Structures are given as structure tokens and as C-alpha cells.
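Thanks for coming. I will take a few minutes to walk through one structure, so please have the sequence and the picture open.

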Amino acid sequence: MTHGMRADTPHSEGDRDWRETATRYALVPLRIFLGVTFVYAGLDKLTDSAFMQDAGAGSIGDMMRGARDSSAVPALIDMALKNPVGFGYAIAFGELAVGLGALLGLLTRLAALGGALISLSLWLTVSWAADPYYYGNDLPYLMAWIPLVLAGAPLLSVDAALRARRSRAGGYR
């Protein structure tokens, strides 16, 4: 005999309410994880004096030169190598903006698109050579951003508060 829910038994109202609540809040943990991770990554880069250098151990310049020949798009790395420190700051501030946008739920779809583009560029350059591919972390981050690009932050977000305020004022959704 198997134990579980029978198909011919109606679900209780409490089960349905719980499922609906869980479904509505399903993206919140993803937003928190990606937001914290990207804020941390940006701050880590900005506070690491060795990283924000053209050359030297742990520098962005040496990291990019080391990844160039194994990347899927070496031209992206060549472009960044024209000013590795400037590129490092752009990535760090981009990660901060994306992470804060995700955490606050502010312009969430735009922030998620930015996170997806950062992850895509890192996958095509730095982690492209990971073999097997699932050892590289940038591809899973890219995939994790996609639900937020599609759905935004409908709950517990500045976007939701602004949307509710506009609807109360009779504005557009």
C-alpha cells in the first residue's frame, strides 16, 4: 500500500493556500542569493588592491591574459585588456548595481538582465574552458538570472510598492 494523497480526494483549503503562497514567494530566495552574491563580488573586487591592477599576482590584467587563449570570444578579452583596471571597476560597479537592484527589487528586470549579461560575458571568457562545463560557475548564474528577467520582483520589492502606489493613484500598471 502506498501512502500519500489520493487523486480522488479533494485538497483542503489550507493546502491550496500554502501552495499559492509558496508559489508567489518562490523567487524571493533566488533574489536574495543573487543579490547578496553580486554585492559581495563587487565589494570584494573594489576592496582587493591586488585585483585592481594591470599586472601582478591576483590582478585582473593577469587573470584576463591567462584566460584569453581558452575563451570562446578572445576579442572580448582583447577589448578589456586595453584598460584592465577600468574594466575591473566597470565589472565591480556593475555587480554592485545588479546586486542592490535584486536585493531591493528596484528595476528588477533591468538588474537581472545586467546580471545575466555579466554572467554571460564571464562564461564566454573566464570560465569557458571549464571541463566539464558544469564546473564553471558563470553558466548557472546566467540561468539563475533568467527567471528574474522574466518575472521581475512581484513581492517584497520597491517595484511592487511603486506598482501598488500607481494602481491606487489610478495610473498605468
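A term is needed before anything else: a nonpolar core is a set of buried Ala, Val, Leu, Ile, Met, Phe, Trp, Tyr and Cys residues joined through side-chain atoms within 4.5 Å. Buried here means under 20% relative accessible area. Also keep in mind that this is a predicted model.

With that in hand, the largest nonpolar core has 15 residues. Leu34, Phe38, Val98, Ile118, Trp145 and Leu148 are the ones with the most contacts inside it. Which helices supply at least two residues each? They are α2, residues 28-47, α5, residues 84-104, α6, residues 108-125, and α7, residues 138-151. The largest share, six residues, comes from α6. There is also a second, separate core of eight residues, and Phe51, Met52, Met64 and Ala67 are among them.

Now the overall chain. The secondary structure is eight helices and zero strands. The radius of gyration is 21 Å, well over the 16 Å that the globule rule gives for 173 residues, so the chain is more spread out than a compact globule. Along the principal axes, the C-alpha atoms fill a box of roughly 65 × 55 × 25 Å. Of the 173 residues, 32% count as buried. Among contacts with a separation of 6 or more, 64% are between residues 24 or more positions apart. The accessible surface comes to about 10,900 Å², and carbon and sulfur atoms hold 64% of that.

Let me go through some helices, starting with α5. At 1.5 Å a residue, its 21 residues should span 30 Å, and the end C-alpha atoms are 30 Å apart, which agrees. The buried residues of α5 include Ile91, Ala92, Leu96 and Val98, and also Glu95. What covers the buried residues of α5? The cover includes α2, α3 (60-68), α4 (74-80), α6 and α7. Just after α5, Gly105 takes a positive phi of about 70 degrees.

Next, α7. Its 14 residues should span 20 Å at 1.5 Å a residue, and the end C-alpha atoms are 21 Å apart, which agrees. Asp138, Leu139, Leu142, Ala144, Trp145 and Leu148 are the buried residues of α7, and they pack against α2, α5 and α6. Just after α7, Gly152 has a positive phi of about 70 degrees.

The aromatic residues come next. A search of the whole structure finds seven aromatic pairs. I will show two. Phe33 and Tyr141 are stacked, at 6.1 Å centre to centre with 5 degrees between the planes. Phe33 lies in α2 and Tyr141 in α7, so this pair ties together parts that are 108 residues apart in sequence. Phe33 is partly exposed, with a relative accessible area of 44%. Phe38 and Trp145 form the other pair, which is edge-to-face: 5.1 Å centre to centre, 90 degrees between the planes. Phe33, Phe38, Tyr141 and Trp145 form one aromatic cluster.

Ser119 lies in helix α6 and is buried, with a relative accessible area of 1%. Not counting residues up to four places away in sequence, Ser119 touches Phe38, Asp138, Tyr141, Leu142 and Trp145.

Last, some backbone details. Most residues other than glycine have a negative phi, and most peptide bonds are trans. Where is the cis peptide bond? A cis bond joins Asp131 and Pro132, with omega about 0 degrees, and Pro132 is found in the loop between α6 and α7. Leu107 has a positive phi, near 50 degrees. Leu107 sits in the loop between α5 and α6 and is exposed, with a relative accessible area of 54%. Leu156 also has a positive phi, near 50 degrees. Leu156 lies in the loop between α7 and α8 (158-168), and at 59% relative accessibility Leu156 counts as exposed.

That is what I have for today.

Key:
Residues numbered from 1 in each chain as written. Predicted model: local features only at pLDDT ≥ 70, side-chain atom pairs only at ≥ 80, totals over all residues. Heavy atoms only, no water. Buried < 20%, exposed > 50% of the residue type's maximum accessible area, 1.4 Å probe, protein only. Helix = DSSP H or I, 4+ residues; strand = E, 2+ residues; numbered from the N terminus. Expected span 1.5 Å × (residues − 1). Contact = heavy atoms within 4.5 Å. Rg over C-alpha atoms; globule rule 2.2 N^0.38 Å. Areas by Shrake-Rupley, 256 points an atom, 1.4 Å probe, with all protein chains shown as cover. Phe/Tyr/Trp six-rings, centres within 6.5 Å; stacked < 30°, edge-to-face > 60°.
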